[in-house]
Amino acid sequence: MEAPVYHWRDRDGSITTRRAVARGIRDRVTAVSAVSAFLAERGMTEARRRYQEHVLRGDLWLFMEAFGEGDTAFREAFLTHANAFADTVSPAVFDGLPLHLRVKWQLIREGRAAELLALLAHEATDRDTFHVRGLLRPRAQFPGVRDPLPHRVTALSAADLPVHAHLTEAVWRDGLLHLSGYAYVRNAPGGPPVAGWLRAGRRLVPLRMRTAATDEAAAGSGRSLHGYERSGFSTVVDPRRLAGRRASRSAPAVWKLEALVLGGGRPRRGPMRLLGNPAAPAVRYVDGRTRVVPVLSGNKLELRAERIDAVLAGHRPTEAGDGIRITVRVLGGGTPTALRIQEWHTKEHREYPLVPVVRTAPDRTAPTDGDTVETGSETGSETGPAARDTAARDTAGAGAAEDGRTVAAEVPLASFAGADGDWGVHLVTGVRRTPVAVRPETDAARYPASGGREVYAAANPSGDLVLTDRCAQPVLTRVRWTDDAGLLLEGTCPPASAGPVELVLRHSGHQEENTVAVEREADAFRASVAPGAVVSLAGVLPLAEGRWFPFLRERGETDPDRYLPLRLAPQLHAALPSHQEAGGRRFTLQRRFHDRLCLESGSVLAVRERGAYGQRRLREAYTAARGGALREAVLYASFDGRQYSDSPRAVHEELARRDTGAAHLWVVRDQQAAVPPGVRPVTLYSAEWYEALARSRWIVTNTHLPEWFERAEGQYVVQTWHGTPLKRVGRDLEGTRHADAAYMASMPRRSAQWSVLVSPNSFSTPVLRRAFGYTGEVLECGYPRNDLLYAPDRAKVAAALRQTLGVPEGHRVVLYAPTWREDRPRRGGRYALDLALDLDEVRRALGEDHVLLVRRHYLVGGSVPENTTVRDVSRHPDVTELMLVSDVLVTDYSSLMFDFAQTGRPMLFHTHDLEHYRDTLRGFCFDFENRAPGPLVPTSAGVIEALRDPEAATAAHQEAYAGFRESFCDLDDGTAAARVVDAMLKGAQA
């Protein structure tokens, strides 16, 4: 767009910038009061009532949320002006507000500011939680609200006490649908579910509920106030009980699953929900004409019992090979005249004439119940749909009634437009449209089309035939857990090219990728995955927590839009989900989006340790343990447990050399860091982690400890931090777009728990003191992590790493390490990858004698697209080792520049967004543009050109480089770790 389309007036007190300003609440109340008075003067009573409710819920609620952030002047102004407006509102309007707003407005009306603050602080982590008091007339009691409130304010309605009935698993076993999960009344923990049933209108089918204790409910609630330990249940649904209970012969019966739970003084019912967005369980046939179709209405599981009037008898290529011959067994009344296909979205449709088919004796190529499904630990098709897709005969499907009639139609492949679409298949009988059902054991098939496309014939989630026009995609015909906790995947996929392919597992959240080798023979492929032992630069580690989707891609392909998702043959659907324990966690294979395979890596934490409730209990245990005797142990944390690296690693290695007898404990997040022998990994957020924080004599960390941490008597806490501040940090961020007022306010309290702060250079000492509000001891010794740059064996370390990375002798190594940006989208706890340097052009321009090592910031997700020149070294645990092998550094504003300056090697600064980063996003602690030890290059092409001869490109900056080293490398001499350890041992004796 060439012209502005929206102008935003940024002013003090604007509700979109800073709400906690006295002028803002005054102006807003003046405005809404004027509107309310305008409506009153014109006798618009109902409009005024609705407007006042809107103001209480919206306009003034936004300022109410900021009550805790404001100073005394703002809080006084808020109470004054908000009450002035509230004085004009009738009690009936307040009574119509949601519970939490009724309570807050009552506190405002009574001027109970301290209790309002306490309630808002509680809601910041535990929204919509309270205690239920009273059985006959239940009312809410909120944490932080000390004195009673009127009953009309705290009275609880049915909507305030909803039933949460969550299914953790729904799977077919031995012809029965096995359900397990938990059910409780929110905020009213009590006994187990007392009953469960299937309901269709006024008809009920009772379920036998087996109850059990569980920690799953508390872990999944997302709240810390209640435990719901007695809420577990399991039950079994026999589909045969639903077969004869249809509302009529033609209309299906939809059975809703419900649970009954006691809570808040009376029984309450709620729907059973299948959380986590899995596919619904597979369709199950009860007899030849009746099936039960599990469906998800939102996330509520329902079972649809229905009679089928037409079933697929077979499909195969036409004699000419230019179409699909579809054979259907007619089971219902009437004589169909045509077969109709209709695209689901556009409603475009086509019809083809039907011809009768003379029945033959049953052929073994026609599937029968159980013919293609393996048992035990394997699920799969013995030959698979692609191997047998042309073998289907015009015979009756399994279980078809003997009085049925068989018809066929031919659908030309030219009918499809070559654009992605799903075409439903129906028989036409007059004005009636009858879907063609597909029994679960019937093979799917692919019919090749031009341009690498195919028409795929298979059942949709409702069990009816769909012809899918799509690019050719891989279909899994066998999925098996092996004895060594591996996963074997076999399937078919028409080769899109003659080149090799690989399997890639892609995380659905932060988009990280892991590749696996693929064996391929013609259309068939095979891959073995070890989810509990994935080899990477970080070591042999399990897949990180979350959902991983498998794809096939051509080797070297980097565009995710060109990856091919792995889909499951229909015969595999009913056997999923399936589980396997490996590497200290549970892995689950499941379906998503009907036929997509998903591998879910579970949490490494025990169930009782998960969630807000489990963590609150562990914090309470931490508080109790903090006054106990200290252990002679050192607890290390690097980047919140993400790596064995940085200054904590250097301190550990120095302590280990001295053999002090202390135990060495390393914080590890989600098992994603490998530690050396002699070091015990401690899982972040586990009970062991809390205990180690309370009782370890020494703690060494390079990031902030939790806000609730308090240094125990005799404990010695070393804060090394993790970089010289070029960009503003901590309290220095005040006034920037991404400033966090609560985080900045916590700095002095957090930093007061440190025994010593390690400063990397003389410049950093006053900056870090100011940014963190720190008033304690500072050890100016340089960074322990940089000791390696001065170590006598650094050449040996560099040679070993070159060999590990496969860097040929004589190749120039470029380290590309951009920093992170808060304004990038965030998924899975990480910011989106945004590489401004054109990696393909790097390969083309610099030739084969360069290697570009790309390292993502630890807060950035995604995977770096690799090629013959580019290597993704983000998982390598320690960046200092990467600096040893690098001839040139390319960065933007990363603090890595201060460490790399000690090598004296060239640096290039790709400052493509300098003005935005400097003036809007973060800002700098000094005049970076005039003091940078290398050229500031705004374009990718300019960086690549400079890399052709980095010495020449940086020649004009030699004086600036020398001044930079003098200012920022004045303390490093290779002894920083030793000096930190000396301080630790001395501090323990004090």
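This is a predicted model: local features need pLDDT of at least 70, side-chain atom pairs count only at pLDDT 80 or more; totals for chains, interfaces and linings use all residues.

Me: At what angle do the axes of α5 and α6 cross?

Reply: Helix α5 (residues 99-109) and helix α6 (residues 113-125) cross at roughly 155°, and their axes come within 9 Å. Angles over 145 degrees count as roughly antiparallel, so α5 and α6 are roughly antiparallel to each other. On the α5 side you'll find His100, Val103, Lys104, Leu107 and Ile108, which meet Glu115, Leu116, Leu119, Leu120 and Glu123 in α6. Sorted by class, that contact has six nonpolar, one polar and three charged residues.

Me: And how are α12 and α25 arranged relative to each other?

Reply: The range for roughly perpendicular is 65 to 115 degrees. Helix α12 (residues 646-658) and helix α25 (residues 976-989) have axes that come within 9 Å and cross at roughly 70°, so α12 and α25 are roughly perpendicular. Their crossing is right-handed. Among the contact residues are Val651 and Leu655 of α12 and Val981 and Leu985 of α25. By class, this contact of α12 with α25 has nine nonpolar, no polar and three charged residues.

Me: Which residues are buried in helix α20?

Reply: First, the general idea: an α-helix has 3.6 residues a turn, so residues three or four places apart point the same way. In α20 (residues 914-921), Leu914, Tyr917 and Leu921 are buried. They cover an arc of only 125° around the axis, which puts them on the same side of α20. Their cover includes α21 (928-931) and β54 (936-937).

Notes
Residues are numbered from 1 along each chain as its sequence is written. Side-chain values use heavy atoms; hydrogens and water are left out. Axes are lines fitted to C-alpha atoms, for helices over the stretch in contact, and angles run from 0 to 180 degrees between N-to-C directions. Helices (H or I, at least four residues) and strands (E, at least two) are DSSP runs, numbered from the N terminus. Angles under 35 degrees count as roughly parallel, over 145 as roughly antiparallel, 65 to 115 as roughly perpendicular and the rest as oblique. A crossing is left-handed if the near helix is turned anticlockwise from the far one by less than a right angle, and right-handed if clockwise. Contact means heavy atoms within 4.5 Å. Ala, Val, Leu, Ile, Met, Phe, Trp, Tyr, Cys and Pro count as nonpolar, Asp, Glu, Lys and Arg as charged, and the others, Gly among them, as polar. Buried means under 20% relative accessible area, exposed over 50%, partly exposed in between (1.4 Å probe, protein chains only). The arc is that of the directions from the helix axis to the C-beta atoms.
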